[in-house]
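Please open the model in your viewer and keep the selection panel at hand. The tour goes from one selection to the next and says what is found at each stop.

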Amino acid sequence: MDKKVFEFDFRGRKLIVEHGEMAKQAHGAVLVRYGDTVVLSTAVVSKNANLLSDFFPLMVLYQEKLYSVGKIPGGFIKREGRPTENATLAARMIDRPMRPLFPENFRNEVQIVNTVLSVDQDNSPELTALFGSSLATSISQIPFDGPVAGVKVGRVNGEFIINPTPDQLEVSDIDLTVAGTKEAINMVESSAKQVDEDSMLEALMFGHEAVKELIKFQEEIIEAVGVPKMEYEVLEITEELKKEVEELSKDRLNQALRIKDKLEKYATIDKIKEEVVEKYQTEFEEQLKPEELQQLITKVKLVLEEIEYEIFRQIVVKEHTRADGRAMTEIRPLSTAIDVLPRTHGSALFTRGQTQSLSVTTLGALGEHQILDGLSLEAEKRFMLHYNFPAFSVGETGRYGAPGRREIGHGALGEKALLQVIPSEEEFPYTIRVVSEILESNGSSSQASICAGCMSLMAAGVPIKAPVAGIAMGLITDGDDYTILTDIQGMEDHLGDMDFKVAGTRNGICALQMDIKIRGITKQILKEALAQAKEARMEILDVIEKQIKEPRKEVSKYAPKMMTFMINPLKIKDVIGKGGEMITKIICEASNVKTVSDMNAVKVDLEDDGRVIIYHTDQEIIDKTANMIKDITREVEEGKIYTAKVVKLEDFGCFVQVWPGCEGLVHISQLAKERVNKTEDVVKLGDEILVKAIGTDKKGRLNFSRRDAIK
């Protein structure tokens, strides 16, 4: 296979695709160079279809190699381990726009692997991997109704920018990732500094125009190196079977889908499906071979899903009725509570219908920030939102362990939304962690986490800029007809065409996320969804502000109190001491503990600029610690008179301590106005005497004079 190179000048930056040299045994492989960012994207498909599966087995991986940024992995093993949070989010970002474009009945396993080989921070490896994933799949034998592409959109000084650099994003009020086909947008991810809906819509459309350019470049490459698509095996479902299953279930499913209570509705639907499946199982158990019987059962299940899907759309689009009887723009009943956990720093409970989040805020020292071992320039973060979704929240048993992709993704969305209103480190020098425990779920739990998280922050006394609320919008299409739903519940998400989450303040949008199951959506639908979401957001904010209008002025009595002051940066080494000896002594003495790891030990953060931040629940301990540090860093003023303690006697004079950590010499000639023969004739060990600062000697030692201090 000959190597082929394709080049494209994308908005002033070189985008180069190499094909035919690397990973030649993969079914599709491209090496994509975007500036100095290099990503190898491969796509492979299994030979045989799993016709007994009721879902498409697609796996997307984004593999961060730390050599790509010149790093050696941390820890004892010194090799890449489980994916970082960023790698998980990048894989999700690639999966979401691609998954809807594979054939609905395709059941061959597909694996798309992106290996990040070199990273230029100004050229996003995540978007390079999305481009490569689409292209590797499109040129392969894998059936795929692409290509797709994605870009970032920023806005600096009112001007939109495609794929802004990290420096530009620092001053941008929008950080938007938009992906789609050449016809329409099909994935959105964004954070924003309270941006209005019209600006966000304009940014989406601006981004889509750039996406079209990347797709055109992909189409040229597909034309040159693409191969014919494979034939694949599908489950053939006869019209006769469809009609039989419909007669057995349609009327009953129609009634079940109109039950308002979630658990009763799901239980009734499951019972109907089980009875139909059991009928076929019993009737054909002796007539068919086990594999043939299993295929028949799979077909029956797929037909039942299709019937449920069609009835649901009929109810919503044609009858303008929602499953729980609400109007299309109506939010489920809301309730709120704060301070539900007495010993935490801040807690809140937010309930929307059958979705409930308990969010807890914890405040810690800046030194407790999260350390990031990844490819980005960001090495740490001081605000975190973690989302937990236990199986009991939906009345099921399930796996408990490390957070999965869904939990990481939902937590990241909530974090993006609330980060926009978190005070700066200078305003509020704490590490802040919010944890959302989903106690009950029937859709939109990530947005409930934002609402509960916002209230818990205010209850904890975090001076956020404004309250934030989130809402999930849905879309149900039927041909050219469509209906936009406010506050979608689980079934509307599962059977609908769009999950569009919008979070923000009264002033504007803070975060967006959109996933769709159809090829794309139009500008008009986006505009209507954003407007409808704004109305709902205001309604939820009314409820939140009725519970807690603004952040508390003081942090909880169980939260660490904080004191901050400045010292001369050159004095930091004196505070730390040799091998950390001095700072350890300060912490242990002030806190009355034996080790700095004791839970009651005071926490001290020393910043490079000379800022000292002290944390403890006891203000007296904070004050004691501060005085000890100030004693070490306080500088003697020449010409000023001090009270000092004699700590050492020498033939040539005595050493005095002005304050702990500050000592100097009173030469024998400076002890008295008259001549002194022996130091002990004038002072004794432990005496307190008045001395005047007269400068430093050649060795840099402080010199004092008792003679000049005597009136």
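A residue is called buried under 20% relative accessible area, exposed over 50%, and partly exposed in between (1.4 Å probe, protein chains only). This is a predicted model, in which local features need pLDDT of at least 70 and side-chain atom pairs count only at pLDDT 80 or more, while totals for chains, interfaces and linings use all residues. Residues are numbered from 1 along each chain as its sequence is written, and side-chain values use heavy atoms, with hydrogens and water left out.

Select Glu-319, which is partly exposed at 36% relative accessibility, together with Arg-258, also partly exposed at 37%. Their side chains meet in a salt bridge at 2.9 Å, N to O (a side-chain nitrogen of Lys or Arg within 4 Å of a carboxyl oxygen of Asp or Glu).

Next, select Lys-3 and Glu-21, whose closest N and O atoms are 3.3 Å apart in another salt bridge. Lys-3 has a relative accessible area of 41% and Glu-21 one of 42%, so each of them counts as partly exposed.

Then select Glu-7 and Lys-14, a salt bridge with its closest N and O atoms 3.2 Å apart; Glu-7 is partly exposed at 49%, as is Lys-14 at 44%.
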